[in-house]
Amino acid sequence: MKCNADAIIFQKYSGMHLCRKHFIEDVERKVKLTIRKHFNIGKNETLAVALSGGKDSCVVLYVLHKIFHERRDLNIVAISVDEGIKGYREHSLEYAKELASTLGIKHIIRSFEDEYGTTLDGLTAKNRVLGACSYCGVLRKSILNKVALEIGANRLITGHNLDDEAQTILMNHLSGDVDRMVRLDPPREIEGMVLRAKPLRKIPEKEVALYALVNDIPVDLEVCPYAHEALRGEVRDMLNGFESRHPGTKYSLLRGFDKMVKLLAADFPPATISKCRVCGQACNAEVCQACRLLEKI
Ligand code: SF4
């Protein structure tokens, strides 16, 4: 709809047919807008990018490098966490290494084994009360924050896309968890916690995949063997059904959330942050969630 080239995508939600060039421009425009609106990147900052080797994290690293590679004052560092998921994570880490090396970006890899003396496979083989993703998500976030602090990062950037954000918002609505919803808000400064940022939050998951494809970004398309345990599968199917019948639903959820969260924050102030007495990381209880989970196993 912008030139005479063949379209490679039809965005039902915007009514636009876009060719390769204009599709790439559209994605990058939305990323720049998100950065400007939700978090500014100041001078001499270090951006830590969580890089799993999957499409979302590879695309966010690639786009940030493309947008900021001429900013000599910015330092982009990729951080990967090897949870120890046999037959899966070792492959995705290869993609992560390849992309970081192609872009000339420093790449740090830490493992559950290094930090906790065990792997996710080892943890899930024990008598556990929660799904694998609950352990994985909490422990991985803790390592990412720790490494980001070590390198003096100003931001910890993740590849969460529009689908991830819309699913999380809906899941919090369904469980009535307003505190958690408020914590999703573009973050504020908390001592001991590196500010999070999600530049792809306005890019639908399918478009992240297409962006990787048309830019020849090496990404791992394998699915984690524990993915079926994730609760969000049901919510994802429901949202995809709505989106196909009512294009724009995911954007509406995100827009509504962005308006509402500022009002909610006044009634649900952030918890007091202290240091975990076991590991010393910032948390809102005597013992952080990661250490509590590890204690129970
Ligand atoms: Fe971890 Fe679950 Fe993601 Fe697998 S699907 S990497 S277990 S959070």
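Is Ile151 buried, partly exposed or exposed? In this predicted model, Ile151 is partly exposed, with a relative accessible area of 25%.

## Around Ile151

Ile151 sits in the loop between α6 and β6 (155-157). Once its neighbours within four places in sequence are set aside, Ile151 is in contact with Thr46, Ala48, Val77, Ile79 and Ile108.

How far apart are Ile151 and Ile9 in sequence and in space? The two are separated by 142 residues along the chain, and their C-alpha atoms are 40 Å apart.

## The ligand and its shell

Now to the ligand. The residues around it are Arg89, Leu120, Cys133, Cys136, Arg140, Cys224, Tyr226 and Ala227. Sorted by class, this shell has six nonpolar, no polar and two charged residues.

Which helix gives the most to the shell around the ligand? That is helix α6 (residues 132-150), with three residues. One of the shell residues, Cys133, is partly exposed, at a relative accessible area of 35%.

## Cysteines

If you are wondering about disulfides, here is the background. A disulfide is a covalent bond between the sulfur atoms of two cysteines. With a cut-off of 2.5 Å between cysteine sulfur atoms, the count in this model is zero disulfides.

Cys276 makes a handy example. The nearest cysteine sulfur to that of Cys276 belongs to Cys279 and is 3.7 Å away. The limit for a disulfide is 2.5 Å, so Cys276 is in no disulfide. Cys276 also counts as buried, at 4% relative accessibility.

## How α1 meets α2

Two packed helices are described by the angle between their axes and the distance between the axes. For α1 (20-38) and α2 (55-68), the axes come within 11 Å and cross at roughly 80°. Angles from 65 to 115 degrees count as roughly perpendicular, and α1 and α2 are therefore roughly perpendicular to each other.

Which residues of α1 and α2 meet? From α1 come Ile24, Glu28, Val31, Lys32 and Ile35, while α2 brings Val63, Leu64, Lys66, Ile67 and Phe68. By class, the residues of this contact divide into seven nonpolar, no polar and three charged.

An α-helix has 3.6 residues a turn, so residues three or four places apart point the same way.

## Helix α9 and its cover

In helix α9 (residues 205-214), the buried residues are Glu207, Val208, Leu210, Tyr211, Ala212 and Val214. What covers them? The cover over the buried residues of α9 includes β1 (9-11), α1 and α2.

## Two positive phi angles

Just after α9 comes Asp216, with a positive phi of about 55°. Asp216 lies in the loop between α9 and α10 (232-245). Is Asp216 buried or exposed? Its relative accessible area is 68%, and Asp216 is exposed.

Asn44 is another residue other than glycine with a positive phi, near 55°. Its place is the loop between α1 and β3 (46-50). At 57% relative accessibility, Asn44 counts as exposed, because the cut-off for that class is over 50%.

Conventions: Residues are numbered from 1 along each chain as its sequence is written. This is a predicted model: local features need pLDDT of at least 70, side-chain atom pairs count only at pLDDT 80 or more; totals for chains, interfaces and linings use all residues. Side-chain values use heavy atoms; hydrogens and water are left out. A residue is near a molecule or strand if one of its heavy atoms lies within 4 Å of it. Helices (H or I, at least four residues) and strands (E, at least two) are DSSP runs, numbered from the N terminus. Ala, Val, Leu, Ile, Met, Phe, Trp, Tyr, Cys and Pro count as nonpolar, Asp, Glu, Lys and Arg as charged, and the others, Gly among them, as polar. Buried means under 20% relative accessible area, exposed over 50%, partly exposed in between (1.4 Å probe, protein chains only). Contact means heavy atoms within 4.5 Å. Axes are lines fitted to C-alpha atoms, for helices over the stretch in contact, and angles run from 0 to 180 degrees between N-to-C directions. Angles under 35 degrees count as roughly parallel, over 145 as roughly antiparallel, 65 to 115 as roughly perpendicular and the rest as oblique.
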